[in-house]
Amino acid sequence: MPETTISDSSTDSNMESLAAGLRAGQAAAFEMTVRQLGGRMLTVARQLLGNDSDAQDAVQDGFLTAFRSLERFEGRSSLATWLHRIVVNAALMKLRSRRRLREQTIEELLPEYLADGHQAQPAPRWNEAPLFALEREETRSEVRRCIDMLPDTHRSVLILRDIQELDTQTVAELLEISTDAVKVRLHRARQALRTLLDSVFGARN
């Protein structure tokens, strides 16, 4: 039987074609899947792990896991969504292995509060609108650097909720923690990131 022609577009129909080709063991489907989705998955892994070497390992592990377990792909979600979750899991496994080492505390980045509930030292006013500033590559790099400075347990929650835009329940399942723990970590991660970003936006006149 001749192989199905695999298109380079990322449409839903193309994802279905890729999934069918993968199930059939078509070499072209494997190659096109890596070509189309590899860059996106590397970005996800890089955001979670903070360095290219670990991210590349996670993506490779994720794709190998996916290709070896194609019988589990039932088509209830898109191929890209299914692969995304597998790569995220692979990256999180690497993060868990890091926790054998003492993780950096986040406490020093959190604001102090007075008895009346107000911050002891109000956050500096940003002299430049963050969304406007993010249009510049230099500023985007600074923001990514600040995110990378967060401890793994908090960075992963921030990435999955605020950047990958996964819902709280999904993040809880991926991280194997409760939904309440997700909410607490996310709140603390956002506070810590604000402290780090103050040095970027607050210092500009």
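1. Arg35 pairs with Glu31 in a salt bridge, with 3.0 Å between the closest N and O atoms. Both residues sit in helix 2 (residues 27-49), 4 residues apart, or about one turn of the helix. Arg35 is partly exposed at 47% relative accessibility. Glu31 is likewise partly exposed, at 49%. Note that this is a predicted model.

2. A search of the whole structure gives 8 salt bridges. The points below take up some of them.

3. Asp152 forms a salt bridge with Arg155, and the closest N and O atoms are 2.9 Å apart. The two residues belong to helix 7 (residues 152-163). They are 3 residues apart, so about one helical turn separates them. Is this pair buried or exposed? Asp152 has a relative accessible area of 11%, so Asp152 is buried. Arg155 is buried as well, because its relative accessible area is 2%. The cut-off for buried is under 20%.

4. Helix 7 also contributes Asp162 to a pair that links distant parts of the chain. Its partner, Arg190, lies in helix 9 (residues 179-202), 28 residues apart from Asp162. Their side chains meet in a salt bridge at 2.7 Å, N to O. Asp162 counts as partly exposed, with 30% relative accessibility. Arg190 is partly exposed too, with a relative accessible area of 42%.

5. Which residues are linked in a network of salt bridges? Arg46, Asp52 and Asp148 are.

How values were computed. Residues numbered from 1 in each chain as written. Predicted model: local features only at pLDDT ≥ 70, side-chain atom pairs only at ≥ 80, totals over all residues. Heavy atoms only, no water. Salt bridge = Lys/Arg side-chain N within 4 Å of Asp/Glu carboxyl O. Buried < 20%, exposed > 50% of the residue type's maximum accessible area, 1.4 Å probe, protein only.
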